[in-house]
Amino acid sequence: MAGHEIPEPADRKQVADPRSEPRTVEETRPACDPAFRHGVVVGFDGSTSSERALAYAIGMAGRSGSGLIIVHVANRLPTTVWAGCEPPVFVDVPDHRTEVLGLELACADYLSEVPWVLVERGGDICHELEEVGREYSADAIVVGSTHGIVGRIFGSVAGRLARRAQRPVVVIP
């Protein structure tokens, strides 16, 4: 059917204005749900300490009448070794744990008391928790304490977050 043109639909909406200026990433990012602004951010990975932090955060959100932002930070691994002044490259490791955690949380009766949302991020746990807290203008970040040799050697997430965060950090033992 050479030379045959397909007519444009009359109700077609223009997606982008070709004369407009490109916007930055921050301008194109959708705004957070207002129900969760000034909410409580909690780091959750399914461990015992994160379950205690979640329980405290639920009570805190319920008392303040705000929403709960549950954050799961997926693993990222360096693909190269640090070589001179070149920074290592990070890749996202497939992490199906967020899906499992989401299903567990959706079935939990104790979360019916407060509005909540599960946010998945990848990268450094401290940075991502603080970033989510900034995006939602959170009133506080709640994390569980780290027990064990790894926390003593590399420093705990709670300790690093408490030193660098721009909002209150509540550490649950």
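This is a predicted model: local features need pLDDT of at least 70, side-chain atom pairs count only at pLDDT 80 or more; totals for chains, interfaces and linings use all residues.

Trainee: Okay, and which residue lies over the face of Y56?
Mentor: That's R63, at 5.9 Å from the ring centre. A charge sits over a ring if NZ of Lys or CZ of Arg is within 6 Å of the ring centre and within 35 degrees of the ring normal.

Trainee: Now the charges. How many salt bridges are there?
Mentor: Six, where a salt bridge is a side-chain nitrogen of Lys or Arg within 4 Å of a carboxyl oxygen of Asp or Glu. One of them joins R121 and E135, at 2.6 Å from N to O.

Trainee: What does the R121 and E135 pair tie together?
Mentor: R121 lies in strand β5 (residues 116–122) and E135 in helix α4 (residues 125–135), so the pair ties together parts that are 14 residues apart in sequence. Helices (H or I, at least four residues) and strands (E, at least two) are DSSP runs, numbered from the N terminus.

Trainee: Is E135 buried or exposed?
Mentor: Buried, at 12% relative accessibility. The cut-offs are under 20% relative accessible area for buried and over 50% for exposed, with partly exposed in between (1.4 Å probe, protein chains only).

Trainee: Where is E128, and what does it touch?
Mentor: E128 is in helix α4 too, and it's buried, with a relative accessible area of 11%. Leaving aside neighbours within four places in sequence, E128 is in contact (heavy atoms within 4.5 Å) with V73, R121, G122 and G123.

Trainee: Why is α4 described as largely enclosed?
Mentor: Because eight of its eleven residues are buried. Among them are C126, L129, V132 and G133. The buried residues of α4 pack against β1 (40–43), β2 (68–74), β5, β6 (140–144) and α6. Just after the helix, S137 takes a positive phi of about 50 degrees.

Trainee: Switching to D124, which residue does it form a salt bridge with?
Mentor: R164, with the closest N and O atoms 3.5 Å apart. That pair links distant parts of the chain, 40 residues apart: R164 is in helix α6 (residues 157–164), and D124 is in the loop between β5 and α4. R164 is partly exposed at 39%, and D124 is partly exposed at 32%.

Trainee: What else does D124 touch?
Mentor: Not counting residues up to four places away in sequence, D124 touches V73, R160 and R164. V73 is 51 residues from D124 along the chain, yet their C-alpha atoms are separated by 7.7 Å. The D124 side chain also reaches the backbone nitrogen of H127 at 3.0 Å.

Trainee: Zooming out, how many helices and strands does the whole protein have?
Mentor: Six helices and seven strands, running α-β-α-β-β-β-α-β-α-β-α-α-β from the N terminus on.

Trainee: And how much of the protein is buried?
Mentor: Buried residues make up 33% of the 173 residues. The protein exposes about 11600 Å², of which carbon and sulfur atoms supply 57%; accessible areas come from the Shrake-Rupley method with a 1.4 Å probe, and for residues only the protein chains shown count as cover.

Trainee: Last one: what share of contacts join residues at least 24 apart?
Mentor: 71%, taken among contacts between residues at least 6 apart in sequence.

Notes:
Residues are numbered from 1 along each chain as its sequence is written. Side-chain values use heavy atoms; hydrogens and water are left out. A polar contact is a pair of N or O atoms within 3.5 Å; within protein, one must be able to donate a hydrogen and the other to accept it, and residues adjacent in sequence count only if both atoms are side-chain atoms.
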